[in-house]
Amino acid sequence: MSAIGFNKPLYILPFDHRGSFQTKMFGWTGTLSAEQTAEIAAAKRVVYDGFKSALQAGVPERKAGILVDEQFGAAILRDARAADYTTACPAEKSGQEEFDFEYGENFAKHIEAIQPTFCKVLVRYNPEGDPALNRRQAERLKRLSDYLHTNGRSKFMFELLVPPEKSQLDHFKGDKKAYDLELRPRLMAETISELQNEQVEADVWKIEGLDRREDCEKMVATARRGGREKVGCIILGRGEDDKKVQEWLAIAAGVKGFIGFAVGRTVFWEPLVNLRANKTTREGALTEIARRYRGFVAVFEKARPS
């Protein structure tokens, strides 16, 4: 298992959101026209230019990276690859409760065409949920894992979401924050173990924000069990406000094995909304995106053990 893992610093700016861009930011439903697709792609280019501005302002290029989709970001991915930036590209259909491949049986061809540093999946998986659903997802994920670790040139980045089952949420009287604090960490560790046992081998696990250091330590221990000592974990922002994301980053950064973060909406959403409302200029939006991204890098770097 020595080939599995990635343990260098990794500060990802993700803007691979597709459904939420289309419906929540632009208010469009159904099949997009070429003009609408181009408009979303142009908005994503603002985020990318903000990322490049942050690099120019001092974010270490070797630690930085972007996560963007092929649908709206193919040109960005080509540009970033030519510039030798770290890139990640999603393989999953957007907004689905059940993981499936965006491009079906052609998933490998698309990964080879893009050649991202990381092939990323977002998966909703609750180990106490529907066993048949979990089994179907695990089978597809094993196909991807096997491909990436045998024929692929991309590492495997796994974004794990563990939405509560109704009975689990009922136990906390509907209090989602109590679920997140008291139960979700255990379920996340169980999910990682379960998927590893199904031979789904992530090089990097993207972990939803955790409020306790011991829970971060548990995630690393689980991700690295059984000879997987090079596997890395990164913390994600969940679209939370600036203060909460900073807390999560500071907690995770102090734990060996948490190598970085992936914070997207907290960085780019408000600046892009303001740009669309003509409350700021394009230059103003990308400058604000760069500032926010740089701020999260500074928080993580400061909290890392020396």
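Mentor: Start with a right-handed β-α-β unit made by β2, helix α3 (residues 70–82) and β3. Right-handed means that, with the strands pointing away from the viewer, the path from the first strand over the helix to the second runs clockwise. Helices (H or I, at least four residues) and strands (E, at least two) are DSSP runs, numbered from the N terminus. This is a predicted model, in which local features need pLDDT of at least 70 and side-chain atom pairs count only at pLDDT 80 or more, while totals for chains, interfaces and linings use all residues. Residues are numbered from 1 along each chain as its sequence is written, and side-chain values use heavy atoms, with hydrogens and water left out.

Trainee: Which unit do β3, α4 and β4 make?

Mentor: β3, α4 and β4 also make a right-handed β-α-β unit.

Trainee: How many bridges join β2 to β3?

Mentor: Strand β2 (residues 64–67) is joined to β3 by 3 bridges, and the two run parallel. Pairing here requires that DSSP finds at least two bridges between two strands. Isoleucine 66 stands opposite threonine 87 in β3.

Trainee: And what about β3 with β4?

Mentor: β3 and β4 pair in the parallel sense over 3 bridges. Alanine 88 stands opposite phenylalanine 118 in β4.

Trainee: Is β3 mostly covered or open?

Mentor: Mostly covered: 5 of its 5 residues are buried, where buried means under 20% relative accessible area, exposed over 50%, and partly exposed in between (1.4 Å probe, protein chains only). Thr86, Ala88 and Pro90 point one way from β3, and Thr87 and Cys89 point the other way. In a regular strand the side chains alternate between the two faces of the sheet.

Trainee: Changing topic, how many disulfides are there?

Mentor: A search of the whole structure finds 0 disulfides, a disulfide being a pair of cysteine sulfur atoms within 2.5 Å.

Trainee: Now the cavities. How many are there?

Mentor: The count comes to 3 cavities of 30 Å³ or more. On a 1 Å grid over the protein atoms alone, a cavity is a set of points where a 1.4 Å probe fits but cannot get out, and a pocket is an open set with protein on both sides within 12 Å along at least five of seven lines; lining residues have an atom within 4 Å of a point. Grid points are joined across faces, edges and corners, and a volume is the space filled by probe spheres set on the points.

Trainee: What lines the largest cavity?

Mentor: The largest cavity holds about 100 Å³ of space. Its lining includes Cys89 and Cys119, and α4 gives the largest share, 4 residues.
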